[in-house]
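Reader: Hello! I am new to this structure, and I would like to go through it step by step. Could you show it to me first?

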Amino acid sequence: TQNPFLICESCGCVQPVDGGGGGSAVVVGFGETSPVRNNNKWQWIPFRNPFLSYLMHVIQTTADFKPQLTQLKNTLDSISPIIVDIQNHNKKLGATKLEQEMFVHEIQDAEKLVYKCLTIKWNFFKRFTHSLRLKDVNQKLLRFFQIEVQAVQCRDIKTTLEEVNHVGERITSLALEVNHLGQALDSGTSDRTLDSSDNRKKLGWPVPPVPRGIVGFDEPLKNLKARILSDINIHDDGSSMDSDVCKVVVVSAAGGSGKTTLVKMLGNDSQIQDNFQENVFFVTVSETPDFIASVNDLFNPNRFDRQAKFQGIEDAKNKLENFFREKVSGPILVVLDDVWDESYIENFEFDIKGYKLLVTSRMRFPKYEVFKFNPLSDEHAKILFRNSARPVPTIDKNLVDQMVKCCKNHPLTLSVVGGSLNGKNEVAWKFMLKSLSQGHSVLDLNQDLNQKVLDRLERSFEALEDEFKQCFLDFGLFLEDQSILANALLDMWVHLYNHDDEGVDTLAKIYELSYRNLVDFEIFRDERLATISYCTYQSVTQHDLLRQLAIILSSKLPVAKRRRLIISEQNGLLVTNVQGKHQMALVEETQEPMQARILSISTGESFSSRWCNMRVPEVEVLVLNLRLTVLPEKMGSLGGLRTIYMVVPK
């Protein structure tokens with residue numbers, strides 16, 4: 001209002017000017033005019049009144065006293081126990097006296113002010129002055145935690161990363177020392193197998209380690225082990241005799257059911273190792289196998305070494321058989337993981353006493369004995385799902401049971417869907433259950449299980465944040481079962497997503513995707529590699545079913561409009577997925593320029609080095625998975641190229 005008012009000198013009450021009332025009054029106006037009484041009438045005359053603005057400031061500041069005090073008191077009640085814990089940790093970690101006291105002084109000063117303000121009741125002058133102090137302390141605390149505490153936290157994170165690297169180096173050193181000690185103790189005790197364990201370690205096809213968190217595999221492992229050892233005769237001293245027959249056993253189940261996990265457990269089983277000693281060989285095959293490259297990997301496992309040359313498949317097969325006959329004594333177990341073509345198994349079939357061949361495949365091969373791999377029991381499925389999802393206490397048990405039922409006891413689906421719900425509230429769980437319940441309600445092994453699993457895995461993909469989605473889709477650029485160096489991902493993601501050059505952002509994304517069971521990562525050591533980032537000694541792999549999901553999701557748009565274009569060689573031609581399907585279309589049939597920023601090309605040894613003229617003017621990252629001995633002379637228009645990552649598979 002623009003009406004003047006009266007402030008009573010005796011009681012301080014405020015009255016409008018037009019009102020009556022006894023007693024003297026001070027007249028106060030607003031703005032640049034002030035009321036004056038002339039002939040019992042109020043008139044406005046120009047008058048500057050700086051007192052008014054200051055008065056309003058005093059009134060407002062005094063009124064803010066109690067809210068400011070309550071806010072500061074609540075803040076101190078929340079952070080004081082945390083500060084005590086930090087102080088205790090600083091003492092244990094040997095922090096400097098300045099660091100130990102930096103939190104304490106700020107908090108103690110604030111607590112003293114709060115205690116003093118709590119004693120102020122109706123003294124308005126003190127309320128005004130202490131309200132100013134409360135506001136100042138609140139601002140100091142805010143600035144302290146926003147700048148100084150953040151700086152200390154950043155320093156501590158860097159220090160922790162440095163210590164982790166140091167611990168990793170020390171663990172590797174200790175592992176080597178223990179390994180050397182074990183070899184010295186076991187010297188001369190391996191006459192039954194290869195010449196020595198050192199010789200076996202120089203060869204490829206090692207048995208991979210068993211992953212953690214395995215649930216429900218005890219019974220399948222027991223049954224498979226009995227099948228493998230059924231015709232292995234044991235001497236009285238516990239050593240094994242050669243078996244009289246060569247047997248091929250095929251573990252057949254849908255993708256993501258745990259076939260690879262089962263055979264890894266078998267290869268690391270103590271009873272299997274007692275019978276086969278060092279003679280367990282593990283070969284990863286995949287959908288597009290290369291037999292010559294696999295045999296090369298046995299004799300030359302070091303990727304930095306020059307690979308051996310064979311005249312052809314028959315030559316490689318003969319040398320492999322001679323190796324098993326002449327260099328290996330005692331029973332032999334060869335594991336072929338993820339075989340897609342029955343004819344590939346024939347390359348490893350040899351008439352050698354004690355020779356066993358264990359195969360995993362999504363298909364059933366009638367020619368061979370099939371090991372029936374039953375899905376998880378309901379109880380084991382619930383345990384696996386709970387281990388991945390870690391539901392909070394408020395999540396109802398029936399909701400968990402419904403989610404497990406919807407996943408149909410499929411290990412990969414349970415792990416991925418469970419990982420996507422880790423830490424989420426009940427609303428997120430119910431939304432996921434509703435999404436998973438759409439479409440087919442029954443997963444039958446006699447139907448197209450893979451496609452149904454892909455549909456359900458896509459629900460977990462949709463739960464990711466956008467940048468995590470893009471990082472997940474990038475794994476489809478690489479070959480199936482390929483170990484991807486984290487440094488390669490770093491080079492890509494620095495350009496595509498503005499990651500830092502040190503690899504902190506990249507490693508964080510890899511860890512998060514691994515936490516959600518969408519990728520697997522491992523740490524390795526190679527003294528020939530210089531440490532240039534946090535990603536130097538990290539590599540990543542992805543389950544082939546999840547890779548298929550990434551490829552299909554990347555191909556939902558028409559070929560010319562895709563952000564991520566994945567091209568492979570098929571019968572001497574370059575092809576890519578039909579829009580949103582697992583069918584192929586010729587790349588050369590795309591007449592218009594393609595808009596992809598990321599381009600992946602995979603070829604086989606028989607592919608011609610003369611490629612079709614592709615127009616991809618906006619491409620920034622090129623991933624080449626080549627088995628060619630001669631690089632292409634011309635690939636087309638790649639105007640914006642910034643990063644090339646080339647892989648020459650074994």
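Reader: Is Lys225 buried or exposed?
Author: This is a predicted model, in which local features need pLDDT of at least 70, side-chain atom pairs count only at pLDDT 80 or more, and totals for chains, interfaces and linings use all residues. Residues are numbered from 1 along each chain as its sequence is written, and side-chain values use heavy atoms, with hydrogens and water left out. Buried means under 20% relative accessible area, exposed over 50%, and partly exposed in between (1.4 Å probe, protein chains only). Lys225 has a relative accessible area of 16%, so Lys225 is buried.

Reader: Which residues is Lys225 in contact with, leaving aside its neighbours within four places in sequence?
Author: Lys225 is found in helix α6 (residues 218–228); helices (H or I, at least four residues) and strands (E, at least two) are DSSP runs, numbered from the N terminus. Contact means heavy atoms within 4.5 Å. With the neighbours within four places set aside, the partners of Lys225 are Leu266, Asp269, Gln271 and Ile272.

Reader: How many aromatic pairs does the structure hold?
Author: Rings of Phe, Tyr and Trp (its six-membered ring) pair if their centres lie within 6.5 Å; planes under 30 degrees apart count as stacked, over 60 as edge-to-face and the rest as tilted. The number of such pairs in the structure is 17.

Reader: What is the angle between the planes of Tyr344 and Phe348?
Author: Both Tyr344 and Phe348 are buried. Their aromatic pair is tilted, at 5.5 Å centre to centre, and the angle between the planes is 55°.

Reader: How many residues apart in sequence are the parts that Phe385 and Trp429 tie together?
Author: Phe385 and Trp429 form an edge-to-face pair, with 5.8 Å centre to centre and 90° between the planes. Phe385 lies in helix α12 (residues 378–389) and Trp429 in helix α15 (residues 426–436), so the parts tied together are apart in sequence by 44 residues.

Reader: At what distance from the ring centre of Phe468 is the charged end of Lys509?
Author: A charge sits over a ring if NZ of Lys or CZ of Arg is within 6 Å of the ring centre and within 35 degrees of the ring normal. Lys509 sits over the ring of Phe468 in this way, and the distance from the centre is 5.2 Å.
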